[in-house]
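Please look at the structure before reading on.

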Amino acid sequence: MNTTNDLFTEPHATTIWNRYCDQVLHASRPLSEHDSQALLLEIKDHLYSNFEQQKGSNEVTRLQVAIEQMGNPDEFIRPLVTDLLFADAARTLNPRTAFSGLVLHLSRGLKAVIVSSLFGVGYLLSVAFLLVAVLKPFSPDTVGLFANAGGSFTLGILDAVPKGSTELLGYWVIPLSLALAILLYVVLTKGLRVLRTNKKELKSGP
Amino acid sequence: MDTDTKITKWESQVRKGVFDFVILLCIEDETFYGYELMRRIKDIAKIDVAEGTIYPLLNRLAKEGLVTSKWVEKESGMPRKYYQITTQGRQTLAGMKQSWRDFCISIDQLLEHS
């Protein structure tokens, strides 16, 4: 078998190749040594076949194109690793393998839950700003931005204004809260679109 | 989003949705290694995905008993893993083909009435 040093004449190409192989090994580390090496071999063969097909004399560029077409190992290997771990766990009944598979599987779900929760909190905040703007004319004394006695600030709707607190903005809180509500809503919604695009890219496989 | 972009996205999703079917069709009569299979899929079916994504899918098809694989040593270079369809894979593919034809007929009927 060729060693990496035989594959390329440009040292930087060898560096890029080795870095990508390390990424593959890192992404497949929950697998057994045998499965991990088998996967690496298959991906190396794919990558090098693509590299050979690329036109041009610059090895670095050809390799970079091949790597770009191959995709990020963390993204495309994770479902494969999860599948293999579950299959292995079912075959061997090894709790450690089953646990590793579950953790990997859940990590994607957990990320989604955390991100969704953050967006949820953001939208609630946007609604809260809107409420401040709407309720200020009806309850000018208890709605607004308050400077508290201890040096802290409170923005919102209070049951009763604490002793020593002073309302700072008056009716200026209305445009300010409205602007913040709109800004937050726009930023979050734009962010949501980006997330959806990323999710599609991640799911670019089947 | 303009109409062309929407159609392009929709078309891409439709193609990705039949990725399993396309893989089985490609290896129905020939064995392929990963890169070769991906080229064929891209050329014929115009499915534009990150090439690495084919490996989780091939692994799943193998686990389902629809494809099998074997390593072949090359005279020079790295060993290569070839995929071929199994008997169960052929039976599944036959069913998929029928479903696809039925689906196309249904859509054609809708198109005629639209």
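Buried means under 20% relative accessible area, exposed means over 50%, and partly exposed lies in between (1.4 Å probe, protein chains only). This is a predicted model: local features need pLDDT of at least 70, side-chain atom pairs count only at pLDDT 80 or more, and totals for chains, interfaces and linings use all residues. Residues are numbered from 1 along each chain as its sequence is written, chains are lettered from A, and side-chain values use heavy atoms, without hydrogens and water.

**Aromatic pairs**
- Rings of Phe, Tyr and Trp (its six-membered ring) pair if their centres lie within 6.5 Å; planes under 30 degrees apart count as stacked, over 60 as edge-to-face and the rest as tilted.
- Over all chains, nine aromatic pairs are counted.
- Tyr33(B) and Tyr82(B) form an edge-to-face pair, because their ring centres are 5.6 Å apart and their planes stand at 80°.
- Tyr33(B) is buried at 12% relative accessibility, whereas Tyr82(B) is partly exposed at 23%.
- In chain A, ring pairs join Phe8(A), Trp17(A), Tyr48(A) and Phe51(A) into a cluster.

**Charges over rings**
- A charge sits over a ring if NZ of Lys or CZ of Arg is within 6 Å of the ring centre and within 35 degrees of the ring normal.
- Arg80(B) has its charged end over the ring of Tyr33(B), 3.7 Å from the centre.
- Arg62(A) lies over the face of Phe51(A), 4.3 Å from the ring centre.

**Sheet in chain A**
- Strands are DSSP runs (E, at least two residues), numbered from the N terminus, and two strands pair if DSSP finds at least two bridges between them.
- An open, antiparallel sheet of three strands has the order β2-β1-β3 in chain A.
- Its edge strands, β2 (153-157) and β3 (166-167) of chain A, each pair on one side only.

Methods. Helix = DSSP H or I, 4+ residues; strand = E, 2+ residues; numbered from the N terminus.
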